[in-house]
Amino acid sequence: MKKRIFTDFDGPIMDVSERYYQVYLYCLKKICLPEQIVKTLSKSEFWELKRSQVPEKDIANISGFTDDKQQVAFAHLRRATVHTDPYFTYDRLFENAIPALEKAQNEGYDLAVMTMRRRRELEPVLDQYNLRRFFKSDRIFCLDDDYVKTIDTQDKPKLMKIAQASLPEVDEQWMIGDTEADILAAQSYHIPAIAVLSGIRNQTQIEKYRPRTVLTNLTAAIDQILGY
């Protein structure tokens, strides 16, 4: 029986919370006017707002930017900065990720990674953590460096379409991810999706998209698939 697991990269495998928080701190500093008093959120406060999908302008308002122009500037700067090279260095591999992937691989699962990262953002990290041993080159689905992004809920199903057209057929497939884009990409091909809470959505937000189940992290998801 041939079996495959697709997994998202950021959220199940990589912890991106520090990158997002450092960008938040940078934007606060850049937008703040001389003598202006702002409220710097703690990392846990900020991350829960992100996971709850609180809009950027609202996060700016909570942080003390009551002026609409400042809120807009904050939101634009955040979007322009969060996926830039200096900040990717804050990402960290979840400790459980490699043991979980090893367990699935040892059980005979074909592993594929599917991410909204561009190739130049993904490949150095695959090398840094020796992750290519899990994902062969034709099992890596990411955005080309010159791809014009729309929104993740449209772009990720396109990656899944490419994957389903190019990969050998299997008897069983799963998708593990932390956002609605992962769930919708899986559902578009009737693939059961497991949502994990180690990423950028909380349980309330992710349950709106009706994944097969919601679990804590990659280990729990793979254990469920393997029947542990």
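I take contact to mean heavy atoms within 4.5 Å. The model is a predicted one.

**Entry: lysine 3**

I began with lysine 3, which is found in strand S1 (residues 3-7). I asked which residues lysine 3 is in contact with, leaving aside its neighbours within four places in sequence. The list reads Glu107, Gly108, Tyr109, Asp110, Val170 and Glu172. For glutamate 107 I also noted an atom-level detail: the side chain of lysine 3 reaches its backbone oxygen at 3.5 Å. I then checked a C-alpha distance, and found lysine 3 and isoleucine 194 separated by 15 Å. Along the chain these two are 191 residues apart.

**Entry: aspartate 110**

Is aspartate 110 buried or exposed? Its relative accessibility is 17%, and the cut-off for buried is under 20%, so aspartate 110 counts as buried. Not counting residues up to four places away in sequence, aspartate 110 touches Lys3, Arg4, Ile5 and Arg139. With arginine 139 I noted a side-chain to side-chain polar contact of 3.2 Å.

**Entry: helices H6 and H11**

Next I looked up helix packing. Two packed helices are described by the angle between their axes and the distance between the axes. For helix H6 (residues 97-106) and helix H11 (residues 218-226), the angle is about 15° and the axes are 9 Å apart. An angle under 35 degrees counts as roughly parallel, so I wrote down H6 as roughly parallel to H11. Their crossing is left-handed. On the H6 side I listed Ala97, Ala100, Leu101, Lys103 and Ala104, which meet Leu218, Thr219, Ile222, Asp223 and Leu226 in H11. Sorted by class, this contact has seven nonpolar, one polar and two charged residues.

**Entry: helices H8 and H9**

The crossing of H8 past H9 is right-handed. From H8, the contact is made by Asp152, Thr153, Lys156, Pro157 and Met160. From H9, I noted Glu180, Ala181, Asp182, Leu184, Ala185 and Ala186. How many residues of each class does the contact of H8 with H9 have? I wrote down six nonpolar, one polar and four charged.

Technical notes. Residues numbered from 1 in each chain as written. Predicted model: local features only at pLDDT ≥ 70, side-chain atom pairs only at ≥ 80, totals over all residues. Heavy atoms only, no water. Axes fitted to C-alpha atoms, helices over the stretch in contact; angles between N-to-C directions. Helix = DSSP H or I, 4+ residues; strand = E, 2+ residues; numbered from the N terminus. Parallel < 35°, antiparallel > 145°, perpendicular 65-115°, else oblique. Left-handed = near helix turned anticlockwise from the far one by under 90°. Nonpolar A, V, L, I, M, F, W, Y, C, P; charged D, E, K, R; others polar. Buried < 20%, exposed > 50% of the residue type's maximum accessible area, 1.4 Å probe, protein only. Polar contact = N/O pair within 3.5 Å; in protein donor to acceptor, adjacent residues only side chain to side chain.
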